[in-house]
Amino acid sequence: MPPHAPDNDNNGSQPAGRRNFVTHLSMDAGSLRENDKARILGPTSDDGTGDRVPSMAEFLHHFARTSGPPQIILLCLVIAMSLGSTIGIVPTVAEDRYARLNHGYTGEPCSEVPSGVRPRECTLGNEDALNSAALSQFVNNALTFATSSLMGSISDERGRKGIMLLGVGLSILAPLNLVLLQLFETMRPSWYYSIHALSGVISWIAISLSALSDVMPPMWRAPGFGMIMAGFMMGFALSPLLAVFFSHLGVCLFASAMLIAGFIFACLSMPETLPPEAAQQARLKRLAEQPDLTTKLDTLKYYLLRPAKELMILNRNQLFRNLSALAFFSGAVNAADHSLFLYFAKENFGFDDRDVATLFLIIGVMGFVVQLVILKPLNSLIGERRVIIVAFLVGALYNLLYGVVKKKVLIFIAAAIGALTGMSFPTISAIKSNNVDNSEQGRIQGALYSLSSLASALGPLMLKYIYNKTKDGGGLGKGSMFIFGSCLYLVATVFAWLLPEEQANSNLNRDAKKRSSLVVYQRKNSEYGSCGETSFDDESFDEEG
């Protein structure tokens, strides 16, 4: 229980070395002391609104000094480097193994055969690997869909750290299995894909977003979530380079060691960000909504239906329904791009390890720049709603380019443009986070991730079906699946355009209320939570509209 700050109305003094923050506020402009606002946010604007958008430097300073976000970013970097270093190896190893075990291939490794003279066995092995990847991704996301909202709700009561550690621990198993796959020549790739599918039981990334929501003010959540994405992007940018200098087995051993090191780091240094008061509030709210469980059948029915009940938060209002729709359509395409594109590029453009490393370097560096440099200023300039619209229009463009280009260099250009699409996920997460009470942060992030997982399960299957129907010249050719993906992004853009600005944009004023959180040094009300030396006083967030 964090200590309460003394009531110092007269002089505003407080204990040295302690900083108090107020977040989640929906208040009148006069509810904060002007001298406190000026001390933290500097002078206000001259337009009569009294508003001032904090600078990027202020955001980074707050982000770095708050206990929790820096550790999450470092963990994301380690995990992304580990998983990213193997992502280009899996298709190569799997297609060759399937070609040998399923189709009797006995020649040199399929990855070393020029694309123009590839034997039929390698092509069939690639198709087997593609189908296994799509099925594995479907099961992985189906499990995440079934459990993510429930895990988020549990983390609202029991804390973020333990569930996050379980998720990171599960992510270690797939790279270890990939090592075994290369050591034992008769081992089937289906073992790897099965382990990868099971890792969807706990999605640690959704829990990390909830942890960030615990300690970041609403106006900084979109760029804060973007920092998590930036950590991933930088890890993915650097990791495929290892495949250029080391053997496939060496890279997999390195990836496994990195994941184990990341897990140990998380166990030792990751703080618990959930304030005790928020956990108690979430627990009392669940008990108040829980029906009387008089029989064992009632108890069984309640726990079986609880995951579905947790998802109903997505149907709370029109804002959440629109966000869910656009997240579904965009998530389906994004997941298909990540799952299928490498197989498509290897088969149709002859991508090798160096090409994969170049592609991920471009995606990673551009994604890092977008999340760290572009997202925060653009969000402040045009608001969250228009950021999502821009991201989805770019998504439609780069998928169209994937579907129609004929040269390898144009693939790299399309990938660089597509990095702007990455602004959508942190922005959507921030909008939903800003429109729920602090005791529901885990539930809303888990529910959103569940929906994204459903989209990620169906997306690769839909696009793979289109590819199977058009790969021999039907429709618009082999790239038809990406053209279809471009159309889905346009559908998502329509739902983004329908978002109400007064609820979507965190810095918009309506009816003399401020939908923002101003960082201050003192507040009369009791403190809400703490993290390290930083505490947050949280009042319920009044939902408009």
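Which residues make the nonpolar surface patch of about 470 Å²? Leu173, Leu176, Ile260, Ile264 and Leu268 do. The model is predicted, so local features need pLDDT of at least 70, side-chain atom pairs count only at pLDDT 80 or more, and totals for chains, interfaces and linings use all residues. Residues are numbered from 1 along each chain as its sequence is written, and side-chain values use heavy atoms, with hydrogens and water left out.

**View A. The nonpolar patch of Leu173, Leu176, Ile260, Ile264 and Leu268.** Patches consist of residues with over 30% relative accessible area and no salt bridge; like charges are joined within 9 Å, and nonpolar side chains (Val, Leu, Ile, Met, Phe, Trp, Tyr) within 5 Å. Areas are from the Shrake-Rupley method with a 1.4 Å probe, and for residues only the protein chains shown count as cover. Helix H6 (161-183) and helix H11 (248-269) each give two or more residues to the patch, and H11 gives the most, with 3 residues. Helices (H or I, at least four residues) are DSSP runs numbered from the N terminus. Leu173 sits in helix H6 and counts as partly exposed because its relative accessibility is 40%. Buried means under 20% relative accessible area, exposed over 50%, and partly exposed in between (1.4 Å probe, protein chains only).

**View B. The second largest pocket, with a volume of about 300 Å³.** On a 1 Å grid over the protein atoms alone, a pocket is an open set of points with protein on both sides within 12 Å along at least five of seven lines, a cavity is a set where a 1.4 Å probe fits but cannot get out, and lining residues have an atom within 4 Å of a point. Grid points are joined across faces, edges and corners, and a volume is the space filled by probe spheres set on the points. Of the 13 lining residues, Val93, Asp96, Arg97, Arg100 and Pro109 lie nearest the centre of this pocket. Helix H4 (residues 89-103) gives the most to the lining, with 6 residues. The lining has 4 nonpolar, 4 polar and 5 charged residues. Ala, Val, Leu, Ile, Met, Phe, Trp, Tyr, Cys and Pro count as nonpolar, Asp, Glu, Lys and Arg as charged, and the others, Gly among them, as polar.

**View C. The salt bridge between Asp96 and Arg100.** A salt bridge is a side-chain nitrogen of Lys or Arg within 4 Å of a carboxyl oxygen of Asp or Glu. The N to O distance in this pair is 2.8 Å. Asp96 and Arg100 are about one helical turn apart because 4 residues separate them in helix H4. Asp96 is buried at 14% relative accessibility, while Arg100 is partly exposed at 28%.

**View D. The second largest cavity, with a volume of about 170 Å³.** The structure holds 5 cavities of 30 Å³ or more.

**View E. The salt bridge between Arg385 and Glu501.** The closest N and O atoms are 3.9 Å apart. Arg385 in helix H15 (residues 353-404) and Glu501 in helix H20 (residues 501-504) are 116 residues apart. Arg385 is buried, with a relative accessible area of 9%, and Glu501 is partly exposed, with 24%.
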